[in-house]
Amino acid sequence: MLEGIDYWEELRESPSQMEICVAIFANVLELDEQGEPVNEKHAERRAAAWLYRYCTGELPPGEPDIEPWECQLH
(Lines give C-alpha, C1' and ligand atoms only; values in the text may rest on other atoms or scores of the structure.)
Protein backbone atom coordinates (compact mmCIF):
# COMPACT_ATOMS: atom_id res chain seq x y z
CA MET A 1 0.00 0.00 0.00
CA LEU A 2 2.85 2.42 0.75
CA GLU A 3 5.14 1.41 -2.09
CA GLY A 4 6.49 4.50 -3.80
CA ILE A 5 5.41 6.86 -1.01
CA ASP A 6 8.24 8.57 0.85
CA TYR A 7 6.35 8.63 4.15
CA TRP A 8 9.51 8.97 6.24
CA GLU A 9 10.23 12.31 4.56
CA GLU A 10 6.68 13.43 5.40
CA LEU A 11 6.82 12.31 9.05
CA ARG A 12 10.40 13.23 9.94
CA GLU A 13 9.47 16.80 10.77
CA SER A 14 6.11 15.98 12.31
CA PRO A 15 6.37 13.67 15.34
CA SER A 16 2.74 14.29 16.30
CA GLN A 17 1.65 12.68 13.02
CA MET A 18 3.85 9.67 13.79
CA GLU A 19 2.14 9.48 17.19
CA ILE A 20 -1.28 9.28 15.49
CA CYS A 21 -0.04 6.49 13.23
CA VAL A 22 1.12 4.47 16.25
CA ALA A 23 -2.14 5.25 18.08
CA ILE A 24 -4.17 3.82 15.20
CA PHE A 25 -2.18 0.60 15.28
CA ALA A 26 -2.55 0.30 19.06
CA ASN A 27 -6.25 1.20 19.09
CA VAL A 28 -7.15 -1.31 16.36
CA LEU A 29 -4.96 -4.13 17.69
CA GLU A 30 -6.85 -6.83 19.58
CA LEU A 31 -5.25 -9.29 21.99
CA ASP A 32 -6.43 -12.72 23.07
CA GLU A 33 -6.62 -13.95 26.67
CA GLN A 34 -2.88 -14.69 26.68
CA GLY A 35 -2.03 -11.21 25.40
CA GLU A 36 -1.19 -12.41 21.90
CA PRO A 37 -2.31 -10.25 18.95
CA VAL A 38 -5.18 -11.68 16.92
CA ASN A 39 -5.47 -9.01 14.20
CA GLU A 40 -1.97 -7.59 13.82
CA LYS A 41 -2.17 -7.39 10.00
CA HIS A 42 -5.49 -5.53 10.15
CA ALA A 43 -4.10 -3.02 12.66
CA GLU A 44 -1.04 -2.61 10.45
CA ARG A 45 -3.26 -2.02 7.39
CA ARG A 46 -5.34 0.65 9.18
CA ALA A 47 -2.20 2.52 10.26
CA ALA A 48 -0.85 2.26 6.70
CA ALA A 49 -4.16 3.55 5.30
CA TRP A 50 -3.95 6.59 7.55
CA LEU A 51 -0.34 7.16 6.52
CA TYR A 52 -1.32 6.82 2.85
CA ARG A 53 -4.05 9.44 3.33
CA TYR A 54 -1.68 11.75 5.21
CA CYS A 55 0.86 11.60 2.37
CA THR A 56 -1.50 11.63 -0.64
CA GLY A 57 -4.63 13.38 0.62
CA GLU A 58 -6.89 10.39 -0.03
CA LEU A 59 -7.45 6.89 1.28
CA PRO A 60 -6.32 3.89 -0.75
CA PRO A 61 -9.06 2.64 -3.11
CA GLY A 62 -11.62 0.53 -1.29
CA GLU A 63 -10.33 1.37 2.19
CA PRO A 64 -13.02 2.55 4.64
CA ASP A 65 -12.58 5.95 6.26
CA ILE A 66 -10.57 6.18 9.45
CA GLU A 67 -12.93 6.23 12.43
CA PRO A 68 -12.42 8.85 15.18
CA TRP A 69 -11.84 6.14 17.82
CA GLU A 70 -8.98 4.73 15.74
CA CYS A 71 -7.05 8.02 16.00
CA GLN A 72 -7.74 8.70 19.65
CA LEU A 73 -4.65 9.34 21.74
CA HIS A 74 -4.74 7.88 25.25
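How many positive and how many negative side chains does the chain have, and how far apart do the centres of the two sets lie? In this predicted model, the chain carries 5 positive and 17 negative side chains, and the centres of these two sets are 4 Å apart. The points below take up the fold, the overall dimensions, the surface and the confidence of the prediction.

**Fold**
- The secondary structure of the chain amounts to 4 helices and 0 strands, and along the sequence these elements follow the pattern α-α-α-α.
- When contacts between residues at least 6 apart in sequence are considered, 49% of them join residues that are at least 24 apart.

**Dimensions**
- The C-alpha trace of the chain spans about 40 × 25 × 20 Å along its principal axes.

**Burial and surface**
- Of the 74 residues in the chain, 34% are buried.
- The chain exposes about 5,100 Å², and carbon and sulfur atoms supply 50% of that area.

**Confidence**
- The average pLDDT of the chain is 90, and 100% of the residues score at least 70.
- Among the elements of the chain, the lowest mean pLDDT, 75, belongs to helix α1 (residues 7-11), whereas the highest, 95, belongs to helix α4 (residues 68-71).

Key
Residues are numbered from 1 along each chain as its sequence is written. This is a predicted model: local features need pLDDT of at least 70, side-chain atom pairs count only at pLDDT 80 or more; totals for chains, interfaces and linings use all residues. Side-chain values use heavy atoms; hydrogens and water are left out. Helices (H or I, at least four residues) and strands (E, at least two) are DSSP runs, numbered from the N terminus. Buried means under 20% relative accessible area, exposed over 50%, partly exposed in between (1.4 Å probe, protein chains only). Contact means heavy atoms within 4.5 Å. Accessible areas come from the Shrake-Rupley method with a 1.4 Å probe; for residues, only the protein chains shown count as cover. Lys and Arg count as positive and Asp and Glu as negative; His and the chain ends are not counted. The place of a charge is taken as NZ of Lys, CZ of Arg, CG of Asp or CD of Glu. pLDDT is the predictor's confidence in each residue, from 0 to 100.
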